[in-house]
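Me: I am new to this structure and would like to know where its labels come from. Could you take me through them?

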Amino acid sequence: MGSLRLTGWASAQRGYPAAAAPEWGVRRRPHRCCYGVPLPRPRCAPSPAPAVASSLGVGAAGHLRTGAEHEWLWDCRGARDYAREMEVAVRVVQVACTLCQRVQDSLLHPSADAGGCVHSKLDRSPVTVADWGVQAIVSWLLSNSFHDENISIVAEEDDETLSSSDGVALLESVVEAVNGCLVEAPKYGLRSPEKELEAHDVIQAIRKCSSSGGPKGRFWVLDPVDGTLGFVRGDQYAIALALIEDGEVILGVLGCPNYPMKKEWLNYHQKYYRLMSKVAPPPLGSWHKGCVMYAQKGCGQAWMQPLVHDFGKVDWRHPREIQVSSISDPLSATFCEPVEKANSSHSFTAGLAHSVGLRTQPLRVYSMVKYAAIARGDAEIFMKFARTGYKEKIWDHAAGVVIIQEAGGVVTDAGGRQLDFSRGIYLEGLDRGIIACSGALLHRRILDAVDASWNSSTL
């Protein structure tokens, strides 16, 4: 089996410096809020959990520190304090996005020895160096940030292929990709390992992501590369990380490396960006090719920031609040559906769209970028109706659901019930399909149309 060589990733400068101090903060507003901007003067955050203090640069008095001038606070009124979890999650997803961008560039512009970089799982879906690399990085960084070797993570990939005798060269590529990003962790405000991870360390990090979820306790949910088919084609994909506590999604982070900060770049930016990057690499911050979105349950707001890979640093100072569209007329609404036909019915969603008066052509998008599109107002409706025998997994929805809800949208199953993330790795008890809308009016119309059409469907 050939290996994917990612040249230039691992520089000779592998001294693994200490983590840069985080820049996390909020400004208190008259209503419920989470806002990542600097406070005008030092203020105290709630006392941090000792496990995370040294990793995040938290001082002895319990302040999130960025230096002598500022201290930072994540303020979400009406909700429990998850400041540290949110900060770490966003930073970790930023690192993961960088790894994915590098691997995707190697896929699109392969070197002579880059064969065998895309593999097939048992369900024939593709898996790449990025899938395993992101899972290893997220596992290692979460465990390190919270000083918890037994941190619970539900994730999509296993190590069977990498641990086999045929996976030696592939494992080498994954290890190289992981170390090439971890050495840069301080740029993201996270700690690097004291020395490079060996193959067994990477395998162990991947194996840690073996939780089965459930109704009790706390666990992270990770989809390392959601939309791998889009990823290998140079199209849309997402890195999705969520925190679930006692069966409820508490926070979600979506990394969308090919989803531009500005909607007007959406239709042409990918090919244009790749073309122009060959001619002359753009300066940092000039393009904002991708973004990271994040939200916490109960805050009533969701946020977006550019990628560190594009912007040059984690941009806590100028996050952009995102909101769902105000469009309620079906004639003007845009609906999203999966690109793949293998596990969803395009004909049924097309019939539903016609019955409620939707006239705009569907936006077929790989991955949880569909959730991102609705959360920031680029589309109004997402419908997915699985074919018989297909079961939805929690990692394909958890992060996107909480981001849409906090941005002002509605997500339920086709019976109008909340999605249940408390029953293991699958969304058990799902009524027919999943419907996400920018508002209650459109959502109600879709639910009614499903009820009217379902008996005549072949799903």
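Reply: Happy to; below, each label is set against its definition. The model is predicted, so local features need pLDDT of at least 70 and side-chain atom pairs count only at pLDDT 80 or more, while totals for chains, interfaces and linings use all residues. Residues are numbered from 1 along each chain as its sequence is written, and side-chain values use heavy atoms, with hydrogens and water left out.

Me: What makes something count as a helix or a strand here, and how many of each are in the protein chain?

Reply: Helices (H or I, at least four residues) and strands (E, at least two) are DSSP runs, numbered from the N terminus. The protein chain has 13 helices and 16 strands.

Me: Why is Ser 367 called buried?

Reply: Buried means under 20% relative accessible area, exposed over 50%, and partly exposed in between (1.4 Å probe, protein chains only). Ser 367 has 7% relative accessibility, so it counts as buried. Its place is in the loop between strand S13 (363–364) and helix H11 (369–375). Of the 459 residues of the protein chain, 57% count as buried.

Me: And why does Asp 246 count as partly exposed?

Reply: Because its relative accessibility is 48%, Asp 246 falls in the partly exposed class. Asp 246 sits in the loop between strand S7 (238–245) and strand S8 (248–256).

Me: What is noted about the phi of Asp 246 and of Ser 367?

Reply: Most residues other than glycine have a negative phi. Asp 246 is not a glycine, yet its phi is positive, about 50°. Ser 367, also not a glycine, has a positive phi of about 75°.

Me: Why is H2 described as largely enclosed?

Reply: Because 24 of its 26 residues are buried, H2 is largely enclosed by the rest of the structure. For H3 (residues 129–145), 16 of the 17 residues are buried, so H3 is largely enclosed too.

Me: Why are H2 and H5 called oblique to each other?

Reply: Axes are lines fitted to C-alpha atoms, for helices over the stretch in contact, and angles run from 0 to 180 degrees between N-to-C directions. Angles under 35 degrees count as roughly parallel, over 145 as roughly antiparallel, 65 to 115 as roughly perpendicular and the rest as oblique. H2 and helix H5 (residues 168–182) pack at about 130°, with axes 10 Å apart, and are therefore oblique. The contact (heavy atoms within 4.5 Å) involves residues including Val 95 and Leu 99 of H2 and Ala 177 and Cys 181 of H5.

Me: What makes the pair Lys 384 and Glu 392 a polar contact?

Reply: A polar contact is a pair of N or O atoms within 3.5 Å; within protein, one must be able to donate a hydrogen and the other to accept it, and residues adjacent in sequence count only if both atoms are side-chain atoms. The side chains of Lys 384 and Glu 392 are joined at 3.2 Å. Asp 431 and Arg 432 also make a polar contact, between their side chains, at 2.7 Å.
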